[in-house]
Amino acid sequence: MTPISHLRALEAEAIHIMREVVGERERPALLFSGGKDSIVLLRLAEKAFRPARFPFPLLHVDTGHNFPEVIEFRDRRVAELGERLIVASVQASIDAGRVVEESGPRASRNRLQTTTLLDAIAEHGFDALFGGARRDEERARAKERVASLRDDFGGWDPRRQRPEPWALYNTRVRAGEHVRVFPLSNWTELDVWQYIAQERLEVPPIYFAHERDVFRRDGMLLAVSPFVELLPDERPFRESVRYRTVGDMSCTGAVASRATALPDVVREIASTRVTERGETRADDRASEASMEDRKVAGYF
């Protein structure tokens, strides 16, 4: 018997998880931002459920401050698949008075996503959400299981963690609760990029090196944009950069890079010793936000 590769083993595990949850829950959804992890989730969903349509819609919590290249990719990819996309808008939450927008040079809409997401869950009655979060992203994330129960306030209590012996996942919920499901829990960032290369998946161009106006803050490179107010001592400059993760432009940092193709990116990730969140998330460095705020949409 030919040994199965580690990527195929991870793929099989993730497909099993998705099929199990769809079989157990009535109204699942898949969080899709256009980022690399959610792109992999889409590919796994294709392998799990095609040629039928996905048995769930796609959901994006849109801060309104996302990278335009990623939003263009998101909409085009959804149209190619012919699937349903629900966009939950943080701007709409602000307009409705559900959240209050921050102000000042370090303002970000990233933490406002929690309320918008919970409102979308309540509006559509979702009882399970597939997310692209991985255990290697941050230490707090490593405490979660594949199926992570959320209470009727969207809160996560580590004391309510359920055992998952022999790949058995308990997705039962009571009224108002839902479960976050992370099929990529056992993947690493390198696994994700190797899988993207293996499957020849398209990703937004900002994942590859390109010239961009940036400025340095807290040791990372942030994009010059209408959504970020510069501090008095901050000066924009031109740099060849790429992004390891995508999200709100106000708190997602770039890395200096010359990697213009997938093999270059894979080599770069294989040699790094800094996690993507540690190197690219300004909100993680600037404040001690709650774990739920830091990873609310699984962006991945």
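**Charged pairs**

Modeller: Arg74 and Asp62 make a salt bridge, with their closest N and O atoms 3.8 Å apart. The term needs a side-chain nitrogen of Lys or Arg within 4 Å of a carboxyl oxygen of Asp or Glu. The partners come from distant parts of the chain, 12 residues apart: Arg74 sits in helix α3 (residues 68-81) and Asp62 in strand β2 (residues 58-62). Helices (H or I, at least four residues) and strands (E, at least two) are DSSP runs, numbered from the N terminus.

Biologist: What should I know about the numbering and the kind of model?

Modeller: This is a predicted model, where local features need pLDDT of at least 70, side-chain atom pairs count only at pLDDT 80 or more, and totals for chains, interfaces and linings use all residues. Residues are numbered from 1 along each chain as its sequence is written, and side-chain values use heavy atoms, with hydrogens and water left out.

Biologist: Is Arg74 buried or exposed?

Modeller: Buried, because its relative accessibility is 5%. Asp62 is buried too, at 16%. Buried means under 20% relative accessible area, exposed over 50%, and partly exposed in between (1.4 Å probe, protein chains only).

Biologist: And what about Arg174 and Glu177?

Modeller: Their side chains meet in a salt bridge at 3.4 Å, N to O. Arg174 is exposed at 58% relative accessibility, while Glu177 is buried at 9%.

Biologist: How many salt bridges are there by this rule?

Modeller: The count is 35.

Biologist: OK, rings. How many aromatic pairs does a search of the whole structure find?

Modeller: Six. Rings of Phe, Tyr and Trp (its six-membered ring) pair if their centres lie within 6.5 Å; planes under 30 degrees apart are stacked, over 60 edge-to-face, and the rest tilted. Phe54 and Phe56 have ring centres 5.6 Å apart and planes at 40°, so that pair is tilted. Trp187 and Tyr195 are edge-to-face, at 5.2 Å between centres and 80° between planes, and both are buried.

Biologist: Which residues do ring pairs link into a cluster?

Modeller: Phe49, Phe54, Phe56 and Phe130.

Biologist: Last one: which residues of α1 are buried?

Modeller: Leu7, Leu10, Glu11, Ala14, Ile15, Ile17, Met18 and Val21. These residues cover an arc of only 155° around the axis, so they lie on the same side of α1. The arc is that of the directions from the helix axis to the C-beta atoms.
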